[in-house]
Structures are given as structure tokens and as C-alpha cells.
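Reader: I am new to this structure and would like to understand the words used to describe it. Could you take me through them step by step?

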Amino acid sequence: SDPASVAALARSGLEQVANLLNSKIGNVYVFAGEDTGTPPIANPGAAALVPALLAGPTGAPFSATLGTTVPTAEVAEGQRVPVGIIANRNTSVTSVAPTTGSYMRDILTSLARLTTITNGATLQSDVAAARTPLTNAISSIAQEAGALGNAQNQLQTSRDRSAQRVIALNAQVSDAE
């Protein structure tokens with residue numbers, strides 16, 4: 001009933017999501033893919049993001065150095081599992097059409113669309129155009145969370161096996177001494 005309020009909330013949400021994607025642990029950008037020293041989104045302000053996102057699904061607003069390789073960890077000899085998420089693309093899931101193939105881009109683009117809504121004849125269709133990608137993104141994120149949970153279980157199992165090997169090796173060293 002108040003498009004101006006929705007637009008303001010969308011602008012705030014857009015900046016929050018962009019800042020979340022620029023999260024750091026120490027000097028490492030968590031969602032930066034191959035280039036952990038560069039923020040995934042160079043300018044997380046709504047003024048820069050909205051036009052970049054509404055221009056189309058290529059490049060902007062993501063850093064060109066993100067790459068396409070998901071960080072992995074070795075869980076057994078020759079066996080690696082993905083252990084991260086890249087800001088500009090899905091990791092383990094395929095988004096349902098019509099999407100850009102990146103649930104984060106879909107979320108950002110939908111929020112960017114909502115920042116431009118106004119009261120008028122296209123209000124309902126504009127909101128619907130933002131809702132569909134958001135709904136698909138939520139589904140993809142849930143699937144991604146499941147895949148990350150599986151990776152976490154594999155890492156825990158590998159860690160437990162390694163700890164058991166250390167105990168066995170320490171016992172053998174003790175016996176040898």
C-alpha cells in the first residue's frame with residue numbers, strides 16, 4: 001500500500017545483502033572465491049548497485065576477480081569437497097528458471113527492482129517480477145545449505161579419522177621407544 005516505504009526497505013536490504021557478501025574473517029573475504037583479498041562487491045551502496053544490477057546479468061556489481069573456482073578441502077586422498085560459496089554464482093545447486101544462475105544476483109536484482117517501484121498501473125507486475133526470482137533464490141539457498149551441511153559432515157568424518165590415525169601413530173611410536 002506504500003510503494004515509497006517498500007522502495008526504502010528494499011534499498012536498505014540491498015545494502016545489507018551487499019555488505020554481507022563483503023564479510024571478512026581477518027583479512028579474508030569469505031565469499032570472494034579465488035581472490036580472497038578483494039571484496040566481492042566493490043561498491044555496496046544502493047546508488048551504485050541499482051543501475052548496475054538493472055543493466056543486466058553480466059559482470060557488475062561483482063568483482064571481476066572472483067573467478068569460478070569454489071574453495072575446496074581434501075577429505076581423503078584425491079577426494080576434495082567444496083567448502084565455500086562464491087558471491088556471484090551458485091556452488092552446488094542449479095537455480096530454477098527464470099534466474100540468472102546465481103541466487104545472490106537474483107536477490108540483489110529483485111531488491112534493486114523494488115527500489116524503483118512507484119504507485120501506478122505497473123505496481124503489481126513490478127512486485128511480481130521481483131517476487132518470482134526471490135522465491136526461486138530462497139529454494140536454491142535451502143538446497144545450498146543442505147549441500148554445505150553434507151560437506152561439513154564429510155569434513156568432520158575426515159577430521160575424526162585423522163584424529164584416530166594420530167592416536168594410533170602415537171601408540172606405535174610409544175611402543176617403538
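This is a predicted model: local features need pLDDT of at least 70, side-chain atom pairs count only at pLDDT 80 or more; totals for chains, interfaces and linings use all residues.

Reader: What makes up the fold, and in which order do the elements come along the sequence?

Author: The protein holds four helices and four strands, and reading along the sequence gives the pattern α-β-β-α-β-β-α-α.

Reader: How do you know how the protein stands against a compact globule of 177 residues?

Author: The radius of gyration is the value to set against the rule: a compact globule of 177 residues would have one near 16 Å, but the protein has 21 Å. The box filled by the C-alpha atoms, taken along the principal axes, is roughly 85 × 30 × 25 Å.

Reader: How many side chains are positive and how many negative?

Author: There are 10 positive and 12 negative side chains, and the centres of the two sets lie 6 Å apart.

Reader: Which residues have the most contacts inside the largest nonpolar core?

Author: The largest nonpolar core has 30 residues, and those with the most contacts inside it are Leu14, Val17, Leu21, Ile41, Phe62 and Leu108. At least two residues of this core come from each of helix H1 (3-21), helix H2 (46-54), helix H3 (103-115) and helix H4 (123-176), while the largest share, seven residues, comes from H3.

Reader: Which residues does Leu21 contact, leaving aside its neighbours within four places in sequence?

Author: With those neighbours left aside, Leu21 is in contact with Phe31, Pro40, Ile41, Phe62, Ala87, Met104 and Leu108.

Reader: Which residues of H2 are buried, and what do they pack against?

Author: In H2 the residues Ala46, Leu49, Val50, Ala52 and Leu53 are buried, and the buried residues of this helix pack against H1 and H3. An α-helix has 3.6 residues a turn, so residues three or four places apart point the same way. After H2 comes Gly56, whose phi is positive, near 140°.

Reader: Why is Phe62 called buried?

Author: The relative accessible area of Phe62 is 8%, and the cut-off for buried is under 20%, so Phe62 counts as buried. Phe62 has its place in the loop between H2 and strand S3 (72-76), and, leaving aside its neighbours within four places in sequence, Phe62 is in contact with Leu21, Pro40, Ile41, Ala87, Asn88, Arg105 and Leu108. The C-alpha atoms of Phe62 and Ala42, 20 residues apart along the chain, are separated by 7.0 Å.

Reader: Is Ala64 buried or exposed, and how do you know?

Author: Ala64 has a relative accessibility of 83%, and exposed means over 50%, so Ala64 counts as exposed. Ala64 lies in the loop between H2 and S3, and its C-alpha atom is separated by 9.7 Å from that of Thr38, 26 residues apart along the chain.

Reader: What makes Pro133 count as buried, and which residues does Pro133 touch?

Author: Pro133 is in helix H4, and its relative accessibility is 10%; since buried means under 20%, the word applies to Pro133. Not counting residues up to four places away in sequence, Pro133 touches Asp106, Ser110 and Arg113. The C-alpha atoms of Pro133 and Thr109, 24 residues apart along the chain, are separated by 8.7 Å.

Reader: Why is Ser158 called buried?

Author: Ser158, found in helix H4, has a relative accessible area of 12%, which is set against the cut-off of under 20%, and therefore Ser158 is buried. Leaving aside its neighbours within four places in sequence, Ser158 is in contact with Glu74 and Val75. The C-alpha atoms of Ser158 and Ala142, 16 residues apart along the chain, are separated by 25 Å.

Conventions. Residues are numbered from 1 along each chain as its sequence is written. Side-chain values use heavy atoms; hydrogens and water are left out. The radius of gyration is taken over C-alpha atoms; the globule rule is 2.2 Å times the number of residues to the power 0.38. Lys and Arg count as positive and Asp and Glu as negative; His and the chain ends are not counted. The place of a charge is taken as NZ of Lys, CZ of Arg, CG of Asp or CD of Glu. A nonpolar core is a set of buried Ala, Val, Leu, Ile, Met, Phe, Trp, Tyr and Cys residues joined through side-chain atoms within 4.5 Å. Buried means under 20% relative accessible area, exposed over 50%, partly exposed in between (1.4 Å probe, protein chains only). Contact means heavy atoms within 4.5 Å.
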